[in-house]
Amino acid sequence: MSSTRNSALVSRRAAKPHTSMFLRMLMRAAVLRRGRAASALLAMVVAAAVATAMLNLYVDVQAKLRKEFRNYGANIVVVGKDGQPLPADAIGEVDSALAGHGLAVPFAYVVARTSDGQSVVVSGTNLDQVRKLNSWWSVTAWPNASLDALVGTRAGAVVSPQRKPFDLSFQGRTTHLNPAGTLHTGASEDSRIYLPMKDFENWTGVQPSTIEIASSGSPEEVDALIQKLSRALPVAEVRPIRQIMEGEARVLGKTRATLAAAAVLIVATAALCVLSTLIGWVFDRRRDFAIMKALGASERLIGGFFAAEAAALGAVGAVLGFGIGVGVAAWIGRVNFHAPVVPRFNVLPVVFVGSIVVALVSAVLPIFLLRRVQPAMILRGE
Amino acid sequence: MFGRLVYESFRRQKRRKLLAGVAITLGVGVATAMIAVATDIGDKISRELRTYGANLVVTPQEDTLDVQIGGVDLKPPSDGAYLNEADLPKIKGMFWRNNIVGFAPMLTVSVQVGNGDNAKNVTLLGTYFSKQLTFGKQDFVTGVRITHPWWKVQGAWPDDNSSDVLLGESLSAKLGRKPGDEIEISGQPHRIVGILSTGGAEDNQIVAPLALAQQILGKPGAVRRLYVSALTKPEDAFARRDPQTLRGAEYDRWYCSPYAASIAFQLQEAIPHSHAEQIRQIAQNEGTVLSRIKGLMLLVTLAALFASALAVSAAMATAIFERRTEVGLMKALGAGNVSVAALFFAEALLLALIGGVVGFAGGALLARQIGRSIFDSQIAIEPVLFPVILAIAVIVTFAGSAMAIRRAVKFDPVYALRGEA
């Protein structure tokens, strides 16, 4: 009875002589020296977390900052060629080309006369959308009733100094407007009066001649959009607002380069931390190494043992660290951009492989150094 | 005896001390570089944000209303008031003169191009390209090449003292002219030296030196508006206060802060009969973008400090842990816990100081390299950073050693000497 069980054990061990012993050694090494193993794992986890957070931030910061840059307003403008009005379906064409990745606002302009004969530019537009497009406009109150006008500060001083309702005439037609709010931008808008598009069209009958577009995309996507719009609207001139596009590209590029330099430095420091901890860990166990060698283990087996241990540590550390790092990146995003950084899972393989490579290097390096030392010397404590 | 112990420890364990020292040096280096970059990034990005062009505009105080659609001026050119060109260099005499990156005066005139039947009305814009000016003893160069960096010229920029002109891209296509051709402006022939592309209204205009526009208009020294590009501090609640309501020290603080509003106020003082204002599209958004990037770099710097503190601690802990036998021997010979700990702390202090100094120098070099390769300018290292960094290095090294020293001291010397640690 017992002999059959024994023979079964013997045959099982004969079939896989190393695996079970190998695994047992790995497990025991981790359990018996909990303290050292835990500190090595901690270093691994922290390094992987820092690396993950930096890589995640680096990948995501462009999208986050691009959103901030859209506060500068439009980056594409569509105007009728030679001052012609745009076709009636132009705004529809633009909206379908944008497909939700941005904002398009139509503007129509006329030069009207005040009751004492002064010229003033009046613009009809969609005020709700302008509010979203041009967030820098400083407005006392946005108009919401019919025939309410948004009056630029300089225009206001001319048309209604006491903020009383005023009359404007265009080609013999007169309209009576109520100055609901005052607009201040420091640019040409200050000399204009803005009206809701419906009131403007009822009064002047003039169609929009300009569409301002804020497209939220990379420079390539904006270029593609410009090409598409030029084909869709042959009567119009579609051009990028270079001032906005070039400023954005430049600042974004510099920020990303700085962040990349920071990421390299931080990841290198984290790798160094892992390296020094793990080298210490393996070096500390030179006695195990010597005993194994004295018992007749081949160098390949010992190397394999330490390498497997390091790889396991690297893998576990990378996975735990990835989770923590994603959390840190999300927190940074929330604190700084008021929107969490989206976890990028394509960062995981990089962190995973990187962790294992660093762990392997730091395990194999001390083994390589110890290889030439006689086991007896180590066991004697020299 | 104590000094000799420390000295011998460094002499005999060169490899271990070197490893710990290298870890401290690298950690301090990375921390220094990151702190230097983070403290300077505001200045650097704010300079890069000047790519967006002028953030302040100065107009005559008694100006009439602009009648302008899509950049085309519809106001009769004789209308309105002007600034005096001779007042412009005074900008370099104001309090925040060093924050003024550049300025460009503008004067638009309606001119006739060509002659006879195919005469055409076109807007001519007079400005500085890169004009040499003098105020007091200082010479400086200013113009659209600084304030409007997105203007691109195919051909050459005209000289400010010549009567050569640039032709807007769309206009040149319409007229069929190219650089080197002559163009008749209001009856006078002028040479086209380049084709200008701006993506704005100037693409349909002629851009000429300011003096030429003044000559055509018949008003020497006249400037319609002045665009100023200035380095400013992001606006906060204090910046929005009205200077008229501020008193004494508060007024001084407001006046001496580089807010867009206070620079505008000073521009108004420097140029008589003027009205200066921030261009909100540029000035307001600059603050948001700047604070986002600064915040990001601050958090990243914290991460860097954390990582380097950890690296230093780990290296120190390993270095001390390896020396348990030594501790056992010292204790067996009768050393007290305090004297053993003192020895280790003294060694750590020495390592931290050496590593701190070398790391600071290395970090400063690294920061300079980053500044040069990314921003094409030096990153200034504040001297006050040196003691701060050194203090951080010592504290982190101590903190990293403390746990390991405590464990090493507590260890029973018998086990340590038998090698059963």
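How many residues of chain B are in contact with chain A? The count is 58 residues of chain B against 61 residues of chain A, where contact means that C-beta atoms, placed from the backbone, lie within 7 Å.

The model is predicted, and local features need pLDDT of at least 70, side-chain atom pairs count only at pLDDT 80 or more, and totals for chains, interfaces and linings use all residues. Residues are numbered from 1 along each chain as its sequence is written, with chains lettered from A and ligands numbered from 1 in the order in which they are written.

**Stop 1: the side of chain B that touches chain A**

Select α2 (14-48), β2 (68-69), β16 (274-278), α8 (280-321) and α10 (337-375) of chain B; each supplies at least two residues of the side that touches chain A. Helices (H or I, at least four residues) and strands (E, at least two) are DSSP runs, numbered from the N terminus. Colouring the side by class shows 35 nonpolar, 17 polar and 6 charged residues. Here Ala, Val, Leu, Ile, Met, Phe, Trp, Tyr, Cys and Pro count as nonpolar, Asp, Glu, Lys and Arg as charged, and the others, Gly among them, as polar.

**Stop 2: the nonpolar core**

Next, select A:Val78 and B:Leu56, the residues with the most contacts inside the largest nonpolar core, which has 221 residues. Such a core is a set of buried Ala, Val, Leu, Ile, Met, Phe, Trp, Tyr and Cys residues joined through C-beta atoms within 7 Å. A residue is buried if 20 or more other C-beta atoms lie within 10 Å of its own, exposed if 12 or fewer, and partly exposed in between, with C-beta atoms placed from the backbone. The most residues in this core come from α8(B), which gives 24. Around A:Val78, leaving out residues up to four places away in sequence, the contacts include A:Leu86, A:Ala90, A:Ile211, A:Leu229 and A:Val238.

**Stop 3: domains**

Colour chain A by domain 1 (18-67 + 251-379) and domain 2 (75-240); the bounds come from an automatic or database domain assignment. The C-alpha centres of these two domains of chain A lie 58 Å apart. In chain B, domain 1 is 2-46 + 289-418 and domain 2 is 55-278, and their C-alpha centres lie 54 Å apart.

**Stop 4: helix α11 of chain B**

Select residues 385-410 of chain B. At 1.5 Å a residue, the 26 residues of α11(B) should span 38 Å, and the end C-alpha atoms are 37 Å apart, which agrees; the expected span is 1.5 Å times one less than the number of residues. Centre on B:Ala402, where α11(B) bends by about 35°, the bend being the angle between axes fitted to the seven residues ending there and the seven starting there. Buried residues of this helix include B:Ile389, B:Ile392, B:Val396, B:Gly400, B:Ile405 and B:Val409. The buried residues of α11(B) pack against α2, α8, α9 (324-332) and α10 of chain B.

**Stop 5: the loop between α7 and β16 of chain B**

Go to B:Ile271, in the loop between α7 and β16 of chain B. Is B:Ile271 buried or exposed? B:Ile271 counts as buried because it has 22 C-beta neighbours inside 10 Å. Beyond four places in sequence, B:Ile271 is in contact with B:Val58, B:Leu83, B:Asp87 and B:Lys90. B:His273 lies in the loop between α7 (260-270) and β16, and has a positive phi of about 55° although it is not a glycine. With 13 other C-beta atoms within 10 Å, B:His273 is partly exposed.

**Stop 6**

Look for A:Leu147 in the loop between β4 (138-139) and β5 (148-152) of chain A; its 17 C-beta neighbours inside 10 Å make it partly exposed.

B:Gly168 is in strand β10 (residues 165-168) of chain B and is buried, with 24 C-beta neighbours inside 10 Å. Draw the C-alpha distance from B:Gly168 to B:Ser197: 6.2 Å, for 29 residues apart in sequence.

Finish at B:Ala119, in the loop between β5 (100-113) and β6 (120-127) of chain B. B:Ala119 is exposed, with 12 other C-beta atoms within 10 Å. From B:Ala119 to B:Ala317, 198 residues apart in sequence, the C-alpha distance is 86 Å.

Notes. Two residues are in contact if their C-beta atoms, placed from the backbone, lie within 7 Å.
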